[in-house]
Amino acid sequence: MTRQRIGPLLVGRRIRSVATTRPSYFFLTRPEVLRRGLVGRTVSALDRRGKYLVARLDDDARLVLHLGMTGQLFSGQATSPRLLSASARGALSPEAQRGFRPDAHTHLRLAFDDRGPEVCLRDVRKFGKVLLLRSGEEHPRLLRLGVDALALDARTLFAASRGRRVATKALLLDQSIVTGIGNIYADEALFRARLRPTHRAGSLTRRDCEALADAVRSVLHRSIETGGSSIRDYVAPDGADGAFQDERNVYARTGAECHVCGGRIRRVVVSQRSTHFCPKCQK
DNA sequence: ATTCCAACCTGATAGC
DNA sequence: TGCTATCAGGTTGGAA
C-alpha cells in the first residue's frame, strides 16, 4: 500500500536536501552519512521486501526504510490529525492543525530539485529504521527475510512448521519464515482460516497450511485494496485514513461479538503480542 | 536449534 | 488534576 502510493512521490525525483533529527537508535546509518549519500541522487525505483521499503538510487545505493509500529511515510502536503500528537494539537489553532508541520518526531525529510512536495518520515516511538546501503552492500536485516507474505504458499508453510513447538501465530510473525505479516494480519488471517493462534505450529496439517496461506494472502490483498489499517497512527502517504480497520473480525475486538457466530472475541498473549480470536470459530 | 524475554522509545488512556 | 499502570501495526540479541 505504502509502496504503491509513495512510489510516484519518490521515483524519478532528484534529492535536493535532507533534514534529519539527532542521531539515535532510529538511524542505522548516521544522519550526516545519510545526508551525504542522498543529496544529489535521483530515486530510480521503489521496491518492497516484507515490511521494508527499498528505494534504489541512481548510483546503485539503496535507501532502506522500516516503519516499525508508529512510523508514518507521507507527503509534506499531507493533512491528517494523526500526523500531530494530541498534546501538540491542542496548543494549535484549528487553522494551524490543518496542515502538517514537521515536529520532533519527524526524523527524515527529503526535499527535491523540482521544489514539489517533500517526503517525510515520522515515527514517535522510533522503532522504525533508516539505512543506506552502498552499491553491492548487504545487511543481515534484509538477508534474513523469508518468503513474501503475498506469495506465501501451503508447501512453504507446511515445511517451515515441521518440528516447531511454537504457536501458529508465532510462526506467522517470524519474519525469517514469512515476511510482511504484522500483528493485525496474523490475527485476521488465523480467524479467516479458522485456526487457533495458540495451536502448535508443528501439528498443522497440510490442509491447515493451505487454508492459512490462502487466508494470509487474501487478508493482505484486502488490506492493500482498502488502504491499510488506521487504528492509531497509520496514514496513507496523502494523509488519508485506511479502511481495513472496519473489516476486522478479531483484532482489538476483545469482548465484542464474533461476526460469524455471535460469540465473544477473546484476547490472550502469544509471543508477547496481544492476540485476538473467537474461541468457537477457531479450533 | 529452538524458545523466551527484556530492551529499544513515546504517547494515549483507564482507573484510582 | 494528577499520578500510576497498562497498552500500542516491530525486531533484535542474548539467555535459558
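## Helix α1 and its surroundings

Helix α1 is followed by G12, whose phi is positive, near 90°. The structure is a predicted model, in which local features need pLDDT of at least 70, side-chain atom pairs count only at pLDDT 80 or more, and totals for chains, interfaces and linings use all residues. Residues are numbered from 1 along each chain as its sequence is written, chains are lettered from A and ligands numbered from 1 in the order in which they are written, and side-chain values use heavy atoms, with hydrogens and water left out.

Helix α1 covers residues 2-10, and its buried residues are T2, I6, G7 and L10. Seen down the axis of α1, these buried residues fall within an arc of 130°, so they line one face of the helix. Here buried means under 20% relative accessible area, exposed means over 50%, and partly exposed lies in between, with a 1.4 Å probe and protein chains only; the arc is that of the directions from the helix axis to the C-beta atoms. An α-helix has 3.6 residues a turn, so residues three or four places apart point the same way. The cover over the buried residues of α1 includes β2 (43-49), β3, β5 (71-75), β6 (106-112) and β7 (119-123).

## Nonpolar cores

The largest nonpolar core has 29 residues, and those with the most contacts inside it are L157, L172, I181, Y185, L212 and V216. Two or more residues of this core come from each of α5 (154-161), α6 (168-173), α7 and α8, and α8 gives the largest share, seven residues. Such a core is a set of buried Ala, Val, Leu, Ile, Met, Phe, Trp, Tyr and Cys residues joined through side-chain atoms within 4.5 Å.

Leaving aside its neighbours within four places in sequence, Y185 is in contact (heavy atoms within 4.5 Å) with V219, L220, S223, G228, S229 and F244.

## The surface near DNA strand C

DNA strand C is surrounded by 23 residues, of which the closest are H66, R232, Y234, Y251 and R273. A residue is near a strand if one of its heavy atoms lies within 4 Å of it. Both α7 (183-192) and β12 (273-277) supply at least two residues of this surface. Of the DNA strand C atoms within 4 Å of the protein, 58% belong to sugar or phosphate and the rest to bases.

Particular atom pairs can also be named. In the side chain of R267, an N or O atom is 3.4 Å from a phosphate oxygen of DNA strand C.

## Individual residues

T179 lies in strand β10 (residues 178-179) and counts as buried, at 1% relative accessibility.

D60 has a positive phi of about 75° although it is not a glycine. D60 is placed in the loop between β3 (52-57) and β4 (62-66). A252, also not a glycine, has a positive phi of about 55° and lies in the loop between α8 (206-226) and β11 (266-270). D60 counts as partly exposed at 42% relative accessibility, and A252 counts as partly exposed at 42%.

Definitions and conventions: Helix = DSSP H or I, 4+ residues; strand = E, 2+ residues; numbered from the N terminus. Polar contact = N/O pair within 3.5 Å; in protein donor to acceptor, adjacent residues only side chain to side chain.
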